[in-house]
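Subject: Structure handover, with notes

Dear colleague,

I am passing on the structure below, and I would be grateful if you could look through it alongside the notes that follow.

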Amino acid sequence: MRLLIVGTMEGPIAVAGKIAHQRGAKVSHIDTISGAMNVLRSGQGIDLVMVDVRCDVADLINQIKLERINVPTIACGIGNDADAAVRAIKAGAKEYIPLPPDAELIAAVLQAVTEESHNIIAGDPAMKAVIDMAEKVAPSAASVLITGESGTGKEVLARHIHRKSNRASGNFVAVNCAAIPDNLLESELFGHEKGAFTGAVARRLGKFEEANGGTLLLDEMSEMDMRLQAKLLRALQEREIDRVGGNQPIKVDVRIIATSNRNMEEEVRNKRFREDLYFRLNVMSIRIPTLRERPLDIKPLSEFFAGKFAEANGLSAKTISPEAMQALQSHHWRGNVRELENTMHRAVLMAPDSIIGPDAVVLTGQSLNNSVASGGMANTAQAIMNAGAPGGSLVGKTVADVERDLIIDTLQHCLGNRTHAATILGISIRTLRNKLKEYTDKGVNIPMPGETGRANIG
Ligand SMILES: Nc1ncnc2c1ncn2[C@@H]1O[C@H](COP(=O)(O)OP(=O)(O)OP(=O)(O)O)[C@@H](O)[C@H]1O
Ligand SMILES: [Mg+2]
């Protein structure tokens, strides 16, 4: 995770940088917007830009857009300066962080931007076989196509292949082809020359050049349009690329790993994906089984996530009770490992002591044996989840009432910890803070961090 701080590096913003560094981010800093643009063009792989509101945030975000660079920007400023925050968000900043920085908030923002997890956990023979195969192909330069349902761990496996390859000391660069609009993707992948389009005021290196000597992950590559597929094919065949607006091919030495959660053969049959490109990418093909097909992975994964999130939230280690494990093992896991990971994150935050019991495990949808996975009315988490069920006691309340009660109850449960509450509620910290401010303005008592007493609503 590479963070670029833009603005004068002093006082609270320097502290924010330090916190990010302690949380494992590589932090670089530049004073001016023009300097920031130079860094962003130079192929250093910045994942996140944090800009001081005293800089012209709108100008920076506008330039990033005009030059078709794909990087999230967050703004920060001293105190809760509402005007500055609103201006920054309107300009396109993803979040506003009030300074002096809250260590937890910085950690949450970094986590939201990059899901950085490098360990690959496996206990089931089906998954161990997949990892064996991946490690066998890792040292070669062959392209690899990884398929599998959403959340099965395609990116995790791609990183693992990179780590086990001779290119491990080079960069691992990931591009999500589905998340970037077609007209920006070309520039993102291949870079551009000055003057290639309005807004291209300088040369910019693309992801291929950034990944030179390393690995380029083309995530969800089945979503790429036909024209770009042709350009990509050329890059793979000739091992050279053309920057947009460039007239000099550039040699690149890049190992390609592509992922897709579609049936690629069907895409080819339906003429949505070039057959020649498919054969190029599919030198080696690995399908990751769904979590349902590898039940022996559930226990080690759950334990791994319990440990990871306890540590990330500064909590002492928690063990999973046999009943909770039983519930986890009989769930259907439509969202695969990602769903399990989120479930365990919530469970760690909900569990009141060192044991994660069934009460803390919130499962939605059906379990495998069609029975309700866990506890009765004593299950706080389940009760919160079920609060919106039709026919419940909520009829007669407004949506705003229910939302307020849910937010305050959750906050209460988390002893006033905003980061934890926002995670459980599935909303951003900014949204939570705005809601709380609204309630405070209306005279509602809000649980403060460390508070255990009941909130006084009304
Ligand atoms: N074997 C594993 N060990 C540890 N963590 C894993 C494993 N598999 C998946 N995860 C975690 O689950 C989440 C989803 O994994 P990943 O992003 O690799 O899935 P994906 O198949 O690329 O999903 P999508 O199709 O939605 O892009 C990540 O947070 C990842 O860290
Ligand atoms: Mg993915």
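Helices here are DSSP runs of type H or I with at least four residues, numbered from the N terminus. With that convention, Asn 445 lies in the segment that comes after helix H19, which spans 429-441. Asn 445 is partly exposed, its relative accessible area being 43%, and although 37 residues separate Asn 445 from Ile 408 in sequence, the two are 9.0 Å apart in space, C-alpha to C-alpha. Please keep in mind throughout that this is a predicted model.

On the overall picture, the protein contains 19 helices and 14 strands. Its C-alpha atoms fill a box of roughly 70 × 55 × 40 Å along the principal axes, and the radius of gyration is 24 Å, which agrees with the value near 23 Å that a compact globule of 458 residues would have. Of those 458 residues, 48% count as buried.

The ligand site took up much of my attention. Ligand 1 is surrounded by 21 residues, the closest being Ser 150, Gly 151, Lys 154, Arg 338 and Glu 341.

A polar side-chain atom of Glu 341 is 2.5 Å from an oxygen atom of ligand 1, while a polar side-chain atom of Lys 154 is 2.7 Å from an oxygen atom of the ligand. From Glu 155 it is a polar backbone atom that takes part, at 3.0 Å from an oxygen atom of ligand 1. Taken alone, ligand 1 exposes 630 Å², of which the protein buries 94%.

The side chain of Glu 186 makes a polar contact with the side chain of Arg 227, at 2.8 Å. Arg 287, by contrast, has its place in strand S12 (residues 284-287) and is partly exposed, with a relative accessible area of 47%. Between Arg 287 and Asn 212 there are 75 residues in sequence, counted as their separation, and 26 Å in space, C-alpha to C-alpha.

Finally, a note on helix H18. Is this helix, which covers residues 418-425, largely enclosed or largely open? Six of its eight residues are buried, so helix H18 is largely enclosed by the rest of the structure. The buried residues of H18 are Arg 418, Thr 419, His 420, Ala 421, Ala 422 and Ile 424, and just after the helix Gly 426 takes a positive phi of about 70°.

With best wishes

Terms used. Residues are numbered from 1 along each chain as its sequence is written. Chains are lettered from A and ligands numbered from 1 in the order in which they are written. This is a predicted model: local features need pLDDT of at least 70, side-chain atom pairs count only at pLDDT 80 or more; totals for chains, interfaces and linings use all residues. Side-chain values use heavy atoms; hydrogens and water are left out. A residue is near a molecule or strand if one of its heavy atoms lies within 4 Å of it. A polar contact is a pair of N or O atoms within 3.5 Å; within protein, one must be able to donate a hydrogen and the other to accept it, and residues adjacent in sequence count only if both atoms are side-chain atoms. Accessible areas come from the Shrake-Rupley method with a 1.4 Å probe; for residues, only the protein chains shown count as cover. Helices (H or I, at least four residues) and strands (E, at least two) are DSSP runs, numbered from the N terminus. The radius of gyration is taken over C-alpha atoms; the globule rule is 2.2 Å times the number of residues to the power 0.38. Buried means under 20% relative accessible area, exposed over 50%, partly exposed in between (1.4 Å probe, protein chains only).
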